[in-house]
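Open the model in your viewer and keep the selection tool at hand. The stops below go from the whole chain to single residues.

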Amino acid sequence: MAHHGGSDPESDPNTRLYNPYQDLNLQVPINNLYKLPTSPEFLFAEESLHQRRSWGENLTFYTGSAYLGGSVSGAAVGFFSALRNFEQGDTLKLKINRILNSSGHTGRSWGNRIGVVGLIYAGMESGVVAVTDPLCRAARGVRSAAVAGALGGLAAGTVVAGKQVLKRYVPI
């Protein structure tokens with residue numbers, strides 16, 4: 001467990017002590033076994049300064065949230081659509097079947113469509129962050145800009161060379 005500074009975890013306000021045996025009235029000194037932090041831990045201090053999710057977390061969060069929201073909205077639309085389409089001689093079983101089918105179909109459809117919007121948004125946001133980072137790095141000086149440019153050039157060269165290798169040696 002990494003601690004910032006030299007503070008004692010006992011007196012640190014960001015640490016709470018957890019004792020799973022507290023209700024058992026055991027006379028065992030187990031105070032030092034379960035010290036759980038209440039704030040996130042970082043290996044390096046620089047990581048704590050960046051308050052953004054990784055591209056994979058963004059992809060999962062935005063796509064999943066959009067799919068869930070679209071599915072719930074679509075299911076509600078499908079529910080009311082099924083209510084409007086009831087016919088005079090429908091039994092209760094047929095009405096429930098119509099509601100479930102309509103809600104499920106419309107919910108899946110809306111979830112997929114809006115989930116793709118979330119996927120595109122997550123990709124664009126991660127792309128903008130990736131492009132903004134080298135641009136901000138260029139303002140830190142010539143050496144930093146040269147290193148970033150060289151790394152970008154190597155990455156582009158690797159992609160082009162890999163494409164040529166695939167064209168030449170992998171039959172389609």
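**The whole chain**

Color by secondary structure: the protein chain has four helices and two strands. These are DSSP runs, helices being H or I of at least four residues and strands E of at least two, numbered from the N terminus. Starting at the N terminus, the order is β-β-α-α-α-α. The model is predicted, with local features requiring pLDDT of at least 70 and side-chain atom pairs pLDDT 80 or more, while totals for chains, interfaces and linings use all residues. Residue numbers start from 1 along each chain as its sequence is written, and side-chain values use heavy atoms, without hydrogens and water.

Of the 172 residues, 12% count as buried. Buried means under 20% relative accessible area, exposed over 50%, and partly exposed in between (1.4 Å probe, protein chains only).

**Stop 1: the salt bridge**

Select Asp90 and Arg98. They form a salt bridge, with the closest N and O atoms 3.2 Å apart. The term means a side-chain nitrogen of Lys or Arg within 4 Å of a carboxyl oxygen of Asp or Glu. The structure holds one salt bridge. Asp90 is buried at 11% relative accessible area; Arg98 is partly exposed at 25%.

**Stop 2: the second largest pocket**

Now select Arg52, Arg53, Ser54, Trp55, Asn58, Glu125, Ser126 and Val129, which line the second largest pocket. A pocket here is an open set of points on a 1 Å grid over the protein atoms alone, where a 1.4 Å probe fits, with protein on both sides within 12 Å along at least five of seven lines; lining residues have an atom within 4 Å of a point. The space amounts to about 160 Å³. Helices α2 (55-84) and α3 (92-138) each supply at least two lining residues. The top contributor is α3, with three.

**Stop 3: across from α2**

Select Ser73, in helix α2. Ser73 is partly exposed, at 35% relative accessibility.

**Stop 4: a surface patch**

Finish with Val165, Leu166, Tyr169 and Val170. Together they form a nonpolar surface patch with about 410 Å² of accessible area. Such patches take residues with over 30% relative accessible area and no salt bridge, joining nonpolar side chains (Val, Leu, Ile, Met, Phe, Trp, Tyr) within 5 Å. Areas come from the Shrake-Rupley method with a 1.4 Å probe. Leu166 sits in helix α4 (residues 142-169). Is Leu166 buried or exposed? Exposed, at 53% relative accessibility.

Technical notes
Grid points are joined across faces, edges and corners, and a volume is the space filled by probe spheres set on the points. Patches are made of residues with over 30% relative accessible area and no salt bridge: like charges are joined within 9 Å, nonpolar side chains (Val, Leu, Ile, Met, Phe, Trp, Tyr) within 5 Å.
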